[in-house]
Amino acid sequence: MKLTNRSKVVSNKEMSIAEKLYLPGIAKGLAITLKHSFQKPVTTKYPEQKREFSPIYRGWHVLKRDEAGAERCTACGLCAVACPAEAITMEAAERKKGEEHLYREEKYAAVYEINMLRCIFCGLCEEACPKEAIFLTDRIVDAEMNRNTMIYGKDKLVEAIDNRVDVSKRQTPAVAEFKKDKFHTHNQTWQDRLNAGHDSDHH
Amino acid sequence: MNQDIIAGVPLTWYVWLSAILFAIGVTGVLYRRNAIVIFMCVELMLNAVNLLLVAFSRFHNDPGGQVFVFFIMAVAAAEVAVGLAILMMVFRNTKSTDIGFLNRLKF
Amino acid sequence: MITQYLFYFLSALAITGAIFVVFTRNPVYSALALIVTFFSIAGHYFLLNSTFLAAVHIIVYSGAIMVLFLYVIMMMNLNLDEEPVKTNFAKFGAVISGCLLMLVLIVALRDAEKMSIQNNISEGLGTVNYLGQVLYKNYLLPFEVSAILFLSGMVGAVLLGKREIQ
Amino acid sequence: MSKFVYLIPLFPLVSWAIIGLANRNLSKSLTGIIASGSVLASFVISVLIFMEKLHNPAAETVVLFDWISVGSFSAKMSFLVDSLSSIFLLVITGIGFLIHLYSTGYMHEDDGFRRFFAYLNLFVFFMLLLVLGDNFLVMFIGWEGVGLCSYLLIGFWFKNIDYSSAAKKAFVMNRIGDLGLLLGILMIYQTTQSVTFQTVFAKESLGLFSTEVVTAATLLLFIGAMGKSAQIPLYTWLPDAMAGPTPVSALIHAATMVTAGIYMVARCNAMFTMAPLSMDVVAWTGTLTALFAATIGFQQMDIKKVLAYSTVSQLGFMFAALGVGAYSAGVFHVVTHAFFKALLFLGAGSVIHAMHHEQDIRSMGGLRSKLPITHATFALGYLAIIGFPYFSGWFSKDEIIIKALENKPIIGYLLILGALMTAFYMSRVYFMTFWGKFRGTHEQEHHLHESPLSMTLPLMVLAALSVGGGFLVSGYVEHNLATVLTDLKHEGDNHSLHTMMWGVTAACLAIAGYWLLTVKDKQLQADAEIDGLGKVVYNKYYIDELYNSLITKPIDAIANFFGSIFDTKVVDGVVNFFGLGIHWLSSTMRRIQTGNVDTYFFAMVISIILILLFKAL
Amino acid sequence: MLSTVLIYKALIALGVFAVSLVIAMYSTYGERKIAAFIQDRVGPDRAGPWGILQPLADGGKMFLKEELIPGIANKWLFILGPSISMFVANISSVVIPWARPMVMEDGSTFHFQVSDINIGVLYVFGVVSIGVYGIMIGGWASNNKYSLLGTLRASSQMISYELAMGLSLVALIMTTGSLSLNDIVEKQDADFCNFVYQPLGFLIFIICAFAECNRAPFDLPESESELVGGYHTEFTSMKLGFYLFAEYINMFASSALMATLYFGGYHFPFENELIPSLGENGVRILGFVLLMGKIIFFIFLFMWVRWTIPRFRYDQLMNLGWKSLLPLSILNLVLTGIIMAFTEGWLKF
């Protein structure tokens, strides 16, 4: 099967005298390199110039809060299961009274860590998440001097309440439309639930 | 300038220098047991002779001496090529360059 | 008189180098000392106005022969521990007989100065032209024979160096 | 043309080199083509030279190079082209070519095919050298060379002990003769300070010889000729030489090599003429050999042996001719003899080939219908050898007899007797082989077949020569050879045609006699008891045994004495004394040789110091 | 008088020394730039405009780096090795004539050559042949197996290629009839350069020059992929700098030699036609500038080849040297001899 047009059939035929001399081959090589030296450099001078990101660039993860500011993650562990690099670990905890504005569900992730040295930025965690809590963003993970600091905890992963990370580009219009439907509990914030009187106590 | 040399450095000095170098070479051959070093001492002796030949050639105004030096160099080069090849073979077999090992060549 | 001082300097260098060749235990040092000796001998050739010979001397001895020596020593990777040493008696005998030989040589050659010395030294004695004329006219046959010697030396070295095919 | 004469020996030499070196890499057919082709090429040139000599018989010398030059002595590698050598060239290359051709068929199944041709070519080369050389030394090389080739070819099947001892016998016998030749040459050189023919035979050189010296020299030369040409007493090797392949017998031991003696004596005719005693010796030796060998021929049963004795006998005729001063007649007989004897040998070879290497005529008989060509050609050869009128043998043999009758009548009569005997035993062979009933085994009879064309073609050519050769050559012999050979002339009337009938009469009488004695009555009985004189003759007069007890045994005894007593006790004792002494000495001295380079060098340095010290002080 | 000559010679020597150092310095920069261009990159451009101060920065870095001498190394020889390399590299360009001697109006002449040795070619040879000691001594003194391997490779490679180089030069010397570089340059002129009659010799010479300088594709002694840098594995700081620098100086010297021996040195086409407009000395200055241009072209060629052709395998290198170049150079020699014998001297001379 021919995949590209550049493949060549290798043969063991005797080399001709010109080929044995190698000089024409060398001249050809020199011509190629000379031609290249007059081509425009492809270098991007990094700090001054930056390359454009693709809209769905997969970088530094973010743990989303809902519109009301409560963390969406419910520590179900599906992301950790889905992770091929086993980079995600978490510890679950029960939501106490009075913490409804902090955590959307009764269960939440007390500890959530992603080892950025292991992570391959495949995005499977994002796909696995049933609560739309984890997303990969176009932020670049910084280089560090230390292995320990490469393990990102919630302090680095959860978005700040006053500095939300916009992930709307990563969502299809259909999903965006669906999220407006507050009838589904999935889309309700804790305040919506209070208003609806559906807030269920934990037992 | 040539007259200077003859006036400044007598032929005898060259003779002495060559004799000393030659004697050191001989001492080296007797003193050392490493075949390669012995070889080098032989080269030293050849060079002592070369020096003397050039000096005589200069002082006797006869190019023959310098031509001899050429031939000595040629012989030395050939000798080194073959001699070192032999030493390599000996080293491969005995893992040593001690000429004490080589007394097996006797009858 | 500058030539005299040069002569002293070069001779001292040559003799020191030669003594080092003999009395250093490390063969690599011996080889390096020998190179120094060779250079000072080349300097002597310069002093004697045989520039061509000096250049050839450097090319042949320093450039080829000593490189070969060093190469072989390095390839064998000879260590100081394996350096064979003679008994003190043998060493003593060697030095004594060497000194004796030197004395005898000097005595035997003490009349060298009296041998016929030409007063009119021709300028071009050491030049390429002059030597070439002599070499290719008067010594043509030895020259060709030495070419054959080289060839056989080459063949011999190649044959010796070749590993036997098992 | 003569300046190209060097090509004639060159072709066989090159061919020998090619075949000898390439050996197995050459196919048999190619070997045959090269070997025969080279001789054919030589033959062509020989013919051209011969034609030239026909018109211009003057002798020419072709110098190739200076060979030996020591002091005043100088020998050139040079060729002499004159009437004598040119006719020999023709015979050697012509018959040589035919026999090469014949051999490609005869030897085809043999393992040593290539070796055989290499030897054969080498032989042709040496033979050509022998007849071409313009001085005794070149001739001597050829002389020795043909001896060597003869040795190699007789012992060609060297795995057979008898054959190789036959080869050795031939070689040793030849050596005896060669020694004589060499001494003769030395004597000539001593007298004339030259070895070149033309110088030696010049009038002024011949004047240097005293009668005694020239007699001694010619006798010594004749000893050489006796060895080479198988004359009494050195003839015994030739019958044994039949051990070689038949083409070899035909070429070397009938046509060419054995006539070298004749050539040599003819070449030196000027000297022989000066020595009447030598002439007598030659004449008598030849005559006796002719008769003696003929008598042996009566009782031999081996077809090749008979032919061999007949060769000895015919050579005797030739020497007799030389001895009576009829040099050209002798040479004439050499030529015609070469034709018909080669033919007879090759015919015999064809018979032997057909009989699967059976050589005994008692087992043959009645082959004329089975081998028609062989028979016809053999018959022509038979008629030629017995001197049937107008066959080639008739011309030459009767020429000899006439000359003998003119110069030495007794020899003439004895030769007539010899011719009679020749006719008689040749008839015996011919009739026993080709007439009557077949007496061999059934198997042999079944396999009888005519030989291939490569063998029969030479037979036919030689047969034609045997019939017409006499006409062709006689004129040449009369006119051209006279420039080289000075026949002794007998004063008196020329009654050649009258006396020529002697030979014819003898031949006819012999055939008739044989017919009456054997064929008619006994129908070629083969199993007749041999006894009495017949037994003596059958055993070749016990000559071999005689030689054995008279010469070999005493020499053996002396050699035994020296070998077992003198050598072991005295010579070995001296040698062993020195050997043991040196052994003792060296085993003592060996301790000094430690094998340690240091020690040697130390000794060297000390020695140099001492030497310089003595010199300096 | 003698002292003025000496001072003048010293100045020339210093000039040559400075020029070769500067050119070598900028060769390092050039090498990186050319590599970048060939690989469609930009190359160093931070230090100064277009990065032209980069060599200074490199030098400063080299000097300031930590000086490490391995404990098992042989200290004296370890220092001696790079020194010899640097020294030998610097003295090789002594015999090259940089411009035709200038005649001033008052009749005084200025020679632009440090020393006109009448055996200049042999001098170059001698210097080149002792250049190998720097590498050998340094590599052996490191007491490191990679260094030793690199050393052995370097020495055998240099000895092997010296032969073919010498023989190709012998053919050239046969045509010019002199061993002096001055004579060789003077025998060439505006219409003629040795390259025209010795193309094969030049090809062999340039290949051998590549090998002698340990440049790609013959840079096996320092091949980082197999030998971790070869003979200079253990070297740091300015000692490493010396080795690297010596390589560039050698490159400069051999480029100068090639330009001098085969491309007419300071001669250039139409120089005679320019004399009326520029004057004698003007043409001489232009000749010097053009000689520099030729040298820089050859340096560029060195780099161009390095970034084009992959490295040889060691057996291929030896095969090329002994089985191709040596016979070819002998052939060239014989052909030259035959042609000279049949044309009664060389075509032109």
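Which residue of chain E forms a salt bridge with A:Lys45, and how far apart are the closest N and O atoms? The partner is E:Asp45, and the closest N and O atoms of the pair lie 2.9 Å apart. Please keep in mind, as I go through this, that we are looking at a predicted model.

Let me stay with chains E and A for a moment. The count of salt bridges between these two chains is 2, and the rule also finds 8 residue pairs in polar contact across their interface, both residues of each pair being at pLDDT 80 or more. On the side of chain E that touches chain A, the elements that give two or more residues are helix 1, residues 2-38, and helix 11, residues 271-306; the largest share, 3 residues, comes from helix 11 of chain E. As for the extent of the contact, chain E contributes 14 residues and chain A contributes 15 residues, and the area buried between them is about 1200 Å², with carbon and sulfur atoms giving 67% of that figure. Within chain E, the residues that lose the most area to chain A are E:Asp40, E:Arg46 and E:Trp304, which together account for 41% of what that side buries.

Now to chains B and C. Here 77 residues of chain B are in contact with 85 residues of chain C, and the two chains bury about 7600 Å² between them, 75% of it on carbon and sulfur atoms. On the chain B side, B:Tyr31, B:Met40 and B:Arg58 supply 10% of the area buried against chain C, which is more than any other three residues supply. Across this interface the rule finds 0 salt bridges, while the count of residue pairs in polar contact, again with both at pLDDT 80 or more, is 6. Helices 1, 2, 3 and 4 of chain B each supply at least two residues of the side that touches chain C, and helix 4 gives the most, with 24 residues.

Notes
Residues are numbered from 1 along each chain as its sequence is written. Chains are lettered from A and ligands numbered from 1 in the order in which they are written. This is a predicted model: local features need pLDDT of at least 70, side-chain atom pairs count only at pLDDT 80 or more; totals for chains, interfaces and linings use all residues. Side-chain values use heavy atoms; hydrogens and water are left out. Contact means heavy atoms within 4.5 Å. Buried area is the accessible area (1.4 Å probe) that two parts lose on being put together, summed over both. A salt bridge is a side-chain nitrogen of Lys or Arg within 4 Å of a carboxyl oxygen of Asp or Glu. A polar contact is a pair of N or O atoms within 3.5 Å; within protein, one must be able to donate a hydrogen and the other to accept it, and residues adjacent in sequence count only if both atoms are side-chain atoms. Helices (H or I, at least four residues) and strands (E, at least two) are DSSP runs, numbered from the N terminus.
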